[in-house]
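Subject: Structure handover

Hello,

Here is the structure I promised to pass on. My notes follow below it.

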Amino acid sequence: LGAISINNGQPWLLDEFGPFSTPFPISTFGITFSDFGFNGDSFVFFNNDDLTTYSSYNPYTTLFLDRNFSQVGTSLSPISYKVDGTIGNRTLKLEIKNAGLISDFAAPNTATSVYYVNFQIWFYEVDNSFEYRFGPTNITNLSVLNDEAILISSFYTVTETEDSSNGQSGFVNGTISNPIYSEFIEYDEEPTSLDAMIPANTVYRFSINTLSNNDKEKVEFAMYPNPTSDILNLTFSENLDKNY
């Protein structure tokens with residue numbers, strides 16, 4: 001109850017909806033965003049006055065579309081958001097309901113997607129945490145999701161320039177019974193797939209580790225002698241003006 005439609009009953013196929021203002025600042029990997037929307041098949045956060053930096057949230061490794069393949073008439077896969085709570089303790093809830101898979105769209109003589117998924121993403125104002133909340137699905141085989149038959153629940157932040165792009169990613173992989181969370185800076189450092197489809201009513205919660213150091217980077221150095229019981233020398237490939 002009280003949800004606000006994002007697609008307004010319009011069938012969608014790689015469409016964009018938004019922007020919408022966030023009810024409170026949303027931060028990902030230390031970058032704060034004030035706007036959000038739906039971009040193609042995922043929820044995206046950004047600042048409307050600077051679109052070079054954005055965050056994308058992807059509970060599944062697949063491409064979604066409206067189950068109304070004709071793209072005529074009313075949507076069968078509503079996209080919506082809702083804000084609950086009072087100032088200081090609000091929750092922004094995003095939802096895709098009854099979404100189909102784009103892999104079904106190419107199947108002959110198919111009017112609607114055979115497969116469906118339901119999920120929500122909840123953002124909490126009080127501690128800047130968020131959750132992936134998985135709903136009912138009839139997918140049991142990962143090969144349905146994509147050609148590689150992989151499932152990685154992920155999110156990432158990207159900054160693009162004319163010459164390059166860089167960012168940071170968070171992934172859930174491993175096994176369904178014992179999932180593992182990892183963070184990567186390089187795009188080619190992707191983890192392995194989860195071993196099965198994520199069951200309905202599963203919640204993956206992502207919260208900030210207050211003991212971690214967010215200001216870190218890779219630095220090339222050498223050390224000698226190794227081993228040592230006295231003095232250990234460190235030599236760096238460049239001059240550093242940083243705390244370490």
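Gly 40 takes a positive phi near 80° in the hairpin of S3 and S4, where 2 residues sit between the strands. This is a predicted model: local features need pLDDT of at least 70, side-chain atom pairs count only at pLDDT 80 or more, and totals for chains, interfaces and linings use all residues. Residues are numbered from 1 along each chain as its sequence is written, and side-chain values use heavy atoms, with hydrogens and water left out.

Hairpins
S3 and strand S4 (residues 42–47) are antiparallel, with 5 bridges. Strands pair if DSSP finds at least two bridges between them. Strands are DSSP runs (E, at least two residues), numbered from the N terminus. Asn 39 stands opposite Ser 42 in S4.

Strand S2 (residues 16–28) also runs antiparallel to strand S3 (residues 31–39), joined by 7 bridges. Ser 27 has Thr 32 in S3 as its bridge partner. S2 and S3 form a hairpin too, with 2 residues between them. Phe 29 in that turn has a positive phi of about 50°.

Glu 183
Phe 29 turns up again here, as a contact of Glu 183. Leaving aside neighbours within four places in sequence, Glu 183 also touches Gln 168, Ser 169 and Gly 170 (contact: heavy atoms within 4.5 Å). Glu 183 lies in strand S13 (residues 179–184). Its relative accessibility is 40%, so Glu 183 counts as partly exposed (buried is under 20% relative accessible area, exposed over 50%, partly exposed in between; 1.4 Å probe, protein chains only).

The Glu 183 side chain makes polar contacts with the side chains of Gln 168 (3.3 Å) and Tyr 181 (2.7 Å). A polar contact is a pair of N or O atoms within 3.5 Å; within protein, one must be able to donate a hydrogen and the other to accept it, and residues adjacent in sequence count only if both atoms are side-chain atoms.

Rings
There are 29 aromatic pairs. Rings of Phe, Tyr and Trp (its six-membered ring) pair if their centres lie within 6.5 Å; planes under 30 degrees apart are stacked, over 60 edge-to-face, the rest tilted. One of the pairs is Tyr 57 with Phe 123: edge-to-face, 5.1 Å centre to centre, 90° between the planes. Tyr 57 is in strand S5 (residues 50–58) and Phe 123 in strand S9 (residues 117–124), 66 residues apart. Tyr 57 is buried at 1% relative accessible area, and Phe 123 is buried at 3%.

Regards

Notes. Helices (H or I, at least four residues) and strands (E, at least two) are DSSP runs, numbered from the N terminus.
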